[in-house]
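I opened the model to go through its pockets, strands and backbone angles.

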Amino acid sequence: ATSYPRTLAQFLRTAGIEATIIEISGSVEIAPALGVADAVCDMVSTGQTLRSHGLREVATVLESQAVLVQKSGGLTEARLRTSERLLRRIDGVLKAAHSKYIMMNAPADAVEAIARVIPGMEAPTVIALSNTDRVAVHAVATEEVFWDTMENLKAAGASSILVVPIEKIIN
């Protein structure tokens with residue numbers, strides 16, 4: 001089962017494999033569970049969706065990448081604005097993929113030490129907690145320093161630390 005019947009047909013022909021191709025649009029990975037197909041050919045990035053359906057990758061049909069190109073001679077002003085907007089959006093998703101949003105509580109006098117550990121995108125957000133001398137601190141951290149950052153935040157006085165993924169970042 002596949003959403004890419006011509007690509008799969010060429011791959012199978014080249015590999016000398018005879019098979020019946022069933023074209024499916026949408027969630028191809030459920031085809032084996034439904035008894036519609038014995039195997040699937042689908043676009044895979046991490047393979048997580050395949051694994052969650054009890055499937056495993058056995059062959060790479062082709063490798064690809066997305067690229068943005070422009071004609072020589074430049075773009076009109078309107079198309080340039082559109083392409084810059086698209087690039088900002090792509091950049092926002094890529095930045096978010098390597099970042100985490102961290103929320104924590106801390107004594108108000110620990111904010112300066114916490115800000116040295118995790119400065120955030122511009123500065124951490126600090127919110128007073130009611131009826132206490134404690135504050136909530138929110139900031140962004142890159143995933144690469146995540147565990148070291150957590151330990152350093154704890155040492156600086158942070159508690160009740162929550163970490164959530166970020167979907168998009170737009171500067």
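I started with Asn152, which is partly exposed because its relative accessible area is 41%; buried means under 20%, exposed over 50%, and partly exposed in between, with a 1.4 Å probe and protein chains only. Asn152 is in helix 5 (residues 146-156). Helices here are DSSP runs of H or I with at least four residues, strands are runs of E with at least two, and both are numbered from the N terminus. I took the C-alpha separation from Asn152 to Met121 and got 18 Å, for 31 residues along the chain.

A note on the source: this is a predicted model, where local features need pLDDT of at least 70, side-chain atom pairs count only at pLDDT 80 or more, and totals for chains, interfaces and linings use all residues. Residues are numbered from 1 along each chain as its sequence is written, and side-chain values use heavy atoms, with hydrogens and water left out.

**Pockets**

A pocket is an open set of points on a 1 Å grid over the protein atoms alone, where a 1.4 Å probe fits, with protein on both sides within 12 Å along at least five of seven lines; lining residues have an atom within 4 Å of a point. Volume is the space filled by probe spheres set on the points, which are joined across faces, edges and corners.

The largest pocket comes to about 1,000 Å³. It is lined by 31 residues, and Val40, Cys41, Asp42, Ala59 and Val61 are the closest to its centre. Helix 1 (residues 5-15) gives the most to this lining, with four residues. I sorted the lining of the largest pocket by class: 21 nonpolar, five polar and five charged. Nonpolar covers Ala, Val, Leu, Ile, Met, Phe, Trp, Tyr, Cys and Pro; charged covers Asp, Glu, Lys and Arg; the others, Gly among them, are polar.

The second largest pocket has a volume of about 150 Å³. Its lining has eight nonpolar, four polar and no charged residues. Strand 3 (residues 134-142) gives the most, with three residues. Val140 is among the lining residues, and so is Met121.

**Val140**

Is Val140 buried or exposed? Val140 counts as buried, because its relative accessibility is 18%. It sits in strand 3. I listed its contacts (heavy atoms within 4.5 Å). Leaving out residues up to four places away in sequence, Val140 touches Ser99, Lys100, Tyr101, Ile118, Gly120, Met121 and Ile166. Val140 and Ile166 are 26 residues apart in sequence, with 8.8 Å from C-alpha to C-alpha.

**Hairpin and positive phi**

Strand 2 (125-128) and strand 3 run antiparallel, joined by four bridges. Two strands pair if DSSP finds at least two bridges between them. Ile127 has Ala136 of strand 3 as its bridge partner. The two strands form a hairpin with five residues between them.

I then checked phi. Most residues other than glycine have a negative phi. Asn131, in the turn of the hairpin, has a positive phi of about 55°. Asn131 counts as exposed because its relative accessibility is 84%. Ser160 also has a positive phi, near 50°. Ser160 lies in strand 4 (residues 159-165) and counts as exposed, at 52% relative accessibility.

**Helix 3**

Last, I looked at helix 3 (residues 77-97), which reaches 31 Å from its first C-alpha to its last over 21 residues. That is close to the 30 Å expected, taken as 1.5 Å times one less than the number of residues. Ser83, Gly92 and Ala96 are buried in helix 3. Strand 1 (99-107) is part of what covers the buried residues of this helix.
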